[in-house]
Structure formats: structure tokens, C-alpha cells
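Reader: Please show me the model. Then tell me what its terms rest on.

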Amino acid sequence: MDIPAAVAAAARGDQSAWHALVRQFSGLLWSIARAYRLSDADAADAVQCTWIKLVEHLDRIAEPERLAGWLATTARHECLQLIRRSGRLPEPTEIVDDSPDPAPALDHDLLVGERNAALWRVFEGLPDRCRRLLRVLMASPPPAYAEVAEALDMPVGSVGPIRQRCLNQLKKLVRGDELLEERS
Amino acid sequence: MTDDDFLDVLRAAAAEFDPVPAGVVRDASAALALRTLDAELAELLESDAVVRGDDGPLLLAFESERVTVNLEISGDVVRGLVTGAEGEAVVETPRSRRSVPILDGWFTVTDVPSGLVRVRLTALDGTPVVTQWARS
């Protein structure tokens, strides 16, 4: 998708170009809002505010080819504003203090069909720092590390290593989940 | 299973258990209609943007070439002091719009839903002016 062309067209009022941008980035923005554990209503509010800010800035986006990063940053600000308003403090995204074990083999059968539900439950129980990073990485289409870094205000170079540690941690939890073990 | 494969599985689970709600996509698609054309933009002055005591009103200051706007937001009441504009102030949220007269530079609107808000004004020379969106 030619993002700069879509931005320019949307700035001229081209609704189909705007739809294309919405289709491309709604998954990322929703994932960011959920990464910050916003409720349904607050997540919808944060995403809508991000789009409205984009409308306001359509003819002033300095680097339209980096639109995803701009959206991620704007969404983070919107989420943090909502969190501040509710008096809840987000935990910082930190390096996970976890020995880098080699990834254990994961039974493929474990991950099909209804087992997704159990996997999702285990994922939701991850420590906040891991849950937050993985939730953004789960966005569809998959975001670039630069966008993930913007969304979580972390160095882009740390996304890969933390991703690896958090996935390892999740794999261990999945293997330790009795419900999953019974079925595997 | 590689990390990339595992993340693909997680992505599929997210699509199943926490998909983007249809209403969120619908609202996003409709947002382009909030585009303002040919209006002078009154920008939020960041230094004054977040002056809020624990329970005090939110104070916001905007400035354009022709107009200044000071907003005082307490709950669902938006009170404004403007210079360089006259006639009516239009207080907009993404879903609502209210026109009120400006009297001696002041206007007040009640029952403003929380969320984003902006104000449209007409400068003394007739130029339409709109403030940036701000969160009430």
C-alpha cells in the first residue's frame, strides 16, 4: 500500500483512500489500546481520538511514509491521557529479568482449535511488561519494530530481545498449564 | 516452533478473542468528515495545556493569527473567553455541535459529552477559525 499517496488523497477528501488507511492501521491502534489494558469504551475512545488527530493533521504530516509510527505515538499519548485521567499508573516496559532459556519445543497440536482460548487466558495472565509488548506485536497486519517502539516508548533495539524472552516465558506457562497438558 | 510461528498463533488468537470492534472501524471511517477546510487553525499552547488541579477545571489556551481562545472545562460545562472573534461560538465534539452567542467575549455551553472538543469561531474580518481538538 502506498501510504504517502493515501495520505495525500485523504487530505483532499478522498474517502476511499481514508478507508484504506483505516483498514491498514485499525488493528495496530486497537492492539496498542489493549496493550495498555484500556476497557472496551476507553480503547474505542483512544483509537477514535487518534484517527481524529490524524484528520486534523492530514495536510501537515511531515513524513507520510512513517505514518504508522506517527499513529503509534499518537495512540500512546491518547492511552496515557486516559490512564492518567482514571488515576491508574501504567507499569514501565522493562527488560524481563528472566534467564534466556532455549525455547522449549511446543506441541503443535496444543495450538489448534479451542486451545486458542486456553492460550489466550494464559497470555492475559502474563506480567504487564510482557503482555503489553506481545499485545502490540499481535496486531494485524504485523507492525514493524519501529512502530512497536513508538507505541511503547522503548528503544527499537530492545524490541527483539524482549520479544524473545517474553515468548519464552509464555511458552513455559503454556506448557505448565494443566488444561493444556491434558489435551496435548 | 519458531518465535515467528508462535507469534502468528497468538495473532490468530487475538483476532478471535479481542478483534477490533466493528463500531471502532465505522467511527474511524466517518472521522474524515470532521476535516476542516479553509479555517484558520488556533493551536493549543502546550505550556498552558494541562493546568488542572486535583478537581479544578481544565484550562486550555489556543492561539491563531487572528484569535485567542481560553477554555475552562469543568465536567460537562465548557466556558470560553475569546478575543478577535464575535458572533457565535460553535462547540464541537465528534458527535455533537452546539452554537452559542459570544457576549462580551464570553460563551458557555453545558452538557458537553466528555472526550474531544473543539471550538469554531468567526474572526472579526470574517475568517473562519477552528481550535485544535483537546480532550475535555
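Author: One definition to begin: two residues are in contact if their C-beta atoms, placed from the backbone, lie within 7 Å. The model is predicted, so local features need pLDDT of at least 70 and side-chain atom pairs count only at pLDDT 80 or more, while totals for chains, interfaces and linings use all residues. Residues are numbered from 1 along each chain as its sequence is written, and chains are lettered from A and ligands numbered from 1 in the order in which they are written.

Reader: What covers the buried residues of α3(A)?

Author: The cover includes α2 and α4 of chain A. It also includes α2 (22-30) and β8 of chain B. These names are DSSP runs, numbered from the N terminus: helices are H or I with at least four residues, strands E with at least two.

Reader: Which residues of α3(A) are buried, and what makes a residue buried?

Author: Buried means 20 or more other C-beta atoms within 10 Å of its own; exposed means 12 or fewer, and partly exposed lies in between, with C-beta atoms placed from the backbone. In α3(A), the buried residues are A:A43, A:D45, A:A46, A:V47, A:Q48, A:C49, A:T50, A:W51, A:I52, A:K53 and A:L54.

Reader: Why is the reach of α3(A) called close to what is expected?

Author: The expected span is 1.5 Å times one less than the number of residues. α3(A) has 18 residues, and 26 Å is expected. From its first C-alpha to its last, α3(A) reaches 26 Å.

Reader: Why is B:E86 called partly exposed?

Author: B:E86 has 14 C-beta neighbours inside 10 Å, so it counts as partly exposed. B:E86 sits in the loop between β4 (77-83) and β5 (88-93) of chain B. Leaving aside neighbours within four places in sequence, B:E86 is in contact with B:I102, B:T122 and B:L124. B:D125 is 39 residues away in sequence, yet 9.6 Å away in space, C-alpha to C-alpha.

Reader: What makes β8(B) mostly covered?

Author: Strand β8 (residues 116-122) of chain B has seven residues, and five of them are buried.

Reader: How do you know that β8(B) and β9(B) pair?

Author: Two strands pair if DSSP finds at least two bridges between them. β8(B) and β9 (residues 128-131) have three, in the antiparallel sense. One bridge sets B:R120 against B:V130 in β9(B). The two strands form a hairpin with five residues between them, and B:G126 in the turn has a positive phi of about 95°.

Reader: Which other strands bridge to β8(B)?

Author: β5(B) does, antiparallel, by three bridges. There B:V90 stands opposite B:R120. β10 (residues 134-135) of chain B pairs antiparallel with β8(B) over two bridges. B:V117 stands opposite B:A134 in β10(B).
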